[in-house]
Amino acid sequence: MDWSKIDWSEIGIATNDTMMMLGLSALFTFVIGLPIGVLLYLTSKGSLLENRTFNIVISFIVNVLRSFPFIILMIAAIPLTKLLVGTSIGVKGTIPPLVIAAAPFFARLVETALREVDRGIIEAAQSMGAGRFQIVRRVLLPEALPGLIAGITITTVTLVSYTAMSGMVGGGGLGDLAIRYGYQRFQTEVMIATVIILLILVQILQMIGDRLVLYFTRK
């Protein structure tokens with residue numbers, strides 16, 4: 001393989017686009033997914049705000065969005081994406097479908113993390129007169145923090161693969177570069193370079209997440 005054929009400036013631009021897509025979509029995913037996950041937990045049977053009807057409706061919406069393959073979801077969301085950001089391609093056009101795909105996934109991870117909290121701690125807080133909001137803010141979320149960080153890590157790594165898949169429909173970034181040059185123009189070097197960068201990115205994210213989980217678990 002002739003590595004001199006690679007346009008490293010293109011690789012740099014694509015990497016920057018991928019990081020921008022990843023950062024913005026992760027931010028919106030966590031901002032939207034966290035309250036949805038908390039609501040899923042709070043409205044479940046036996047929880048603080050038990051509401052079977054509300055819980056069933058939210059669970060149904062979350063499950064429907066999670067069941068869509070990302071490529072299909074990205075195409076189906078084109079009208080909404082254009083309405084929100086004015087385009088369905090490039091970095092801007094990729095962020096809305098990334099959030100739509102990842103937020104329900106993260107919400108389920110949040111719900112699971114909250115279910116791991118010892119109910120005895122919640123009951124103790126209630127016996128001391130803590131309100132529902134106080135229990136969520138000062139008991140549930142702090143106690144579930146290691147699980148929430150693990151969920152954030154898993155979701156972020158998943159978003160990396162989604163950003164790569166978005167290249168199939170003009171999403172930009174490393175996925176788009178790999179498809180246009182590595183696949184369509186048979187430049188194997190470009191394909192390998194993009195894969196290596198994505199692997200390094202995933203390893204770094206996973207390592208940071210694992211260390212944070214370990215730190216807050218000990219704490």
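Author: In this predicted model, helices α5 and α8 are roughly antiparallel to each other, because their axes cross at roughly 160 degrees and angles over 145 degrees count as roughly antiparallel. Helix α5 spans residues 90–115 and helix α8 residues 145–165, and their axes come within 9 Å. The crossing of α5 and α8 is right-handed.

The contact itself can be read from both sides. Helix α5 contributes Leu-98, Ala-101, Ala-102, Phe-105, Phe-106, Leu-109, Val-110 and Ala-113. From α8, the residues that meet them are Gly-147, Leu-148, Gly-151, Ile-152, Ile-154, Thr-155, Thr-158, Leu-159, Tyr-162 and Thr-163. Of the residues in this contact between α5 and α8, 13 are nonpolar and five are polar, with no charged residue present.

Helix α5 also has a part in the packing of α7, which covers residues 132–143. The buried residues of α7 are Ile-135, Val-136, Val-139 and Leu-140. These residues lie on the same side of α7, because the arc they cover around the axis is only 130 degrees. They pack against α5, and likewise against α1 (8–42) and α6 (119–127). Phe-133 and Arg-138, on the other side of α7, are exposed.

As for the setting, the protein has ten helices and zero strands. Buried residues account for 40% of its 219 residues. Among contacts between residues at least 6 apart in sequence, 73% join residues at least 24 apart.

Key. Residues are numbered from 1 along each chain as its sequence is written. This is a predicted model: local features need pLDDT of at least 70, side-chain atom pairs count only at pLDDT 80 or more; totals for chains, interfaces and linings use all residues. Side-chain values use heavy atoms; hydrogens and water are left out. Axes are lines fitted to C-alpha atoms, for helices over the stretch in contact, and angles run from 0 to 180 degrees between N-to-C directions. Helices (H or I, at least four residues) and strands (E, at least two) are DSSP runs, numbered from the N terminus. Angles under 35 degrees count as roughly parallel, over 145 as roughly antiparallel, 65 to 115 as roughly perpendicular and the rest as oblique. A crossing is left-handed if the near helix is turned anticlockwise from the far one by less than a right angle, and right-handed if clockwise. Contact means heavy atoms within 4.5 Å. Ala, Val, Leu, Ile, Met, Phe, Trp, Tyr, Cys and Pro count as nonpolar, Asp, Glu, Lys and Arg as charged, and the others, Gly among them, as polar. Buried means under 20% relative accessible area, exposed over 50%, partly exposed in between (1.4 Å probe, protein chains only). The arc is that of the directions from the helix axis to the C-beta atoms.
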